[in-house]
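The following note sets out points for a colleague who wishes to read the structure alongside the sequence. Each point takes up one topic.

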Amino acid sequence: SQQGEEDPQALSIQEGENATMNCSYKTSINNLQWYRQNSGRGLVHLILIRSNEREKHSGRLRVTLDTSKKSSSLLITASRAADTASYFCATKGGGNKLTFGTGTQLKVEL
Amino acid sequence: DTGVSQDPRHKITKRGQNVTFRCDPISEHNRLYWYRQTLGQGPEFLTYFQNEAQLEKSRLLSDRFSAERPKGSFSTLEIQRTEQGDSAMYLCASEPSGRSSYNEQFFGPGTRLTVL
């Protein structure tokens, strides 16, 4: 079963704008990870944030984690057409498996 | 290419046939995972190996599904008597050993199964 939901389900922006995606989850976690998936392809790991961290940056990506609200956000700054993809959050709890959200489809238009 | 590889990339089969997929993880990774992804959904966990030991199986993994990792390297996922509901993308991922809260999982390109 899915861990939680991502919001919005779909997002369309212009190139150069920022994109923000939110993820909510249900149970306690060890870490939360964000992945990108281009249409019909495998998942590419973007960033991992541990449960004792609140914010993390990687290039144009900024991830926040609020364990009290069981939520995370992914911000992509200065978006490019190549950022068009589906974005998934995934949580790792007490075990080793990842539990994925439902995904946000991002479209960046020229 | 030293990433996770999966074979075949696409498989079309008729209902009732058996299919087998292969996953080759990153060589130094001792953890290997199988996930299934249907259209418009996030991946769902199927099963997990640490070396050759299968340590966890999802309730999604019915008795028609079997996975092996005989020598702790590559893994196979077999589906017997396929059903149309088995149509999905089957993803394999590997992860290095060590404290799992620090580790990302590396995914292969997936095998897309279509059951007619």
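Predicted model: local features only at pLDDT ≥ 70, side-chain atom pairs only at ≥ 80, totals over all residues.

**Points on the model**

1. Asn31(A) is placed opposite Arg50(A), a residue of E5(A).

2. E4(A) and E5(A) make up a hairpin, with five residues between the two strands. Within the turn, Gly40(A) has a positive phi of about 70 degrees. As for solvent, strand E5 of chain A is mostly covered, since six of its eight residues are buried.

3. In chain B, attention may be given to an open sheet of four strands, in the order E1-E3-E8-E7 and with antiparallel pairing. Strand E1 (5-7) and strand E7 (65-68) of chain B are the edge strands; each has a single partner strand, so one side of each lacks a neighbour in the sheet. On average, and with direction ignored, neighbouring strands of this sheet are turned by 15 degrees against each other.

4. Within that sheet, the contact between E1(B) and strand E3 of chain B (residues 19-24) consists of three bridges, and the two strands run antiparallel. Ser5(B) is the residue that stands opposite Asp24(B) in E3(B).

5. How many disulfides does a search of the whole structure find? There are two over all chains. A disulfide is a covalent bond between the sulfur atoms of two cysteines.

6. The disulfide of chain A is formed by Cys23(A) and Cys89(A), whose sulfur atoms are 1.9 Å apart. It links distant parts of the chain: Cys23(A) belongs to strand E3 (residues 19-24) of chain A and Cys89(A) to strand E9 of chain A, 66 residues apart. The link of Cys23(A) and Cys89(A) is right-handed, with 65 degrees about the S-S bond. Cys23(A) and Cys89(A) are both buried.

7. In chain B, Cys23(B) is joined to Cys92(B) by a disulfide, with an S to S distance of 1.8 Å. Cys23(B) lies in strand E3 of chain B and Cys92(B) in strand E9 of chain B, so the pair ties together parts that are 69 residues apart in sequence. Is this disulfide left-handed or right-handed? The torsion about the S-S bond of Cys23(B) and Cys92(B) is about -65 degrees, so the disulfide is left-handed. Cys23(B) and Cys92(B) are each buried.

8. The largest pocket has a volume of about 530 Å³. Its lining comprises 23 residues, and the closest to the pocket centre are Gln37(A), Ser86(A), Phe88(A), Gln105(A) and Gly40(B). Three strands each supply at least two residues of this lining: strand E9 (85-92) and strand E11 (104-109) of chain A, and strand E9 (88-95) of chain B. By class, the lining of the largest pocket has 16 polar, six nonpolar and one charged residues.

9. Two further topics concern backbone geometry. Most residues other than glycine have a negative phi, and most peptide bonds are trans. The peptide bond from Asp7(A) to Pro8(A), however, is cis, with omega near 0 degrees. Pro8(A) is found in the loop between strand E1 (5-7) and strand E2 (10-14) of chain A. In chain B, Asp7(B) and Pro8(B) are joined by a cis peptide bond with an omega of about -5 degrees. Pro8(B) is located in the loop between E1 and strand E2 (10-13) of chain B.

10. Lys70(A) has a positive phi, near 50 degrees, in a residue other than glycine. The loop between strand E7 (61-66) and strand E8 (71-76) of chain A holds Lys70(A). With a relative accessible area of 29%, Lys70(A) is partly exposed.

11. In chain B, Asn51(B) is not a glycine, yet has a positive phi of about 55 degrees. Where is Asn51(B) placed? Asn51(B) is in the loop between strand E5 (44-50) and strand E6 (53-57) of chain B. Asn51(B) counts as partly exposed, at 33% relative accessibility.

Methods: Residues numbered from 1 in each chain as written. Chains lettered and ligands numbered in written order. Heavy atoms only, no water. Pairing = 2+ DSSP bridges. Axes fitted to C-alpha atoms, helices over the stretch in contact; angles between N-to-C directions. 1 Å grid on protein atoms, 1.4 Å probe; cavity = no way out; pocket = protein on both sides within 12 Å on 5 of 7 lines; lining within 4 Å. Points joined across faces, edges and corners; volume = space filled by probe spheres on them. Nonpolar A, V, L, I, M, F, W, Y, C, P; charged D, E, K, R; others polar. Buried < 20%, exposed > 50% of the residue type's maximum accessible area, 1.4 Å probe, protein only. Disulfide = S-S within 2.5 Å.
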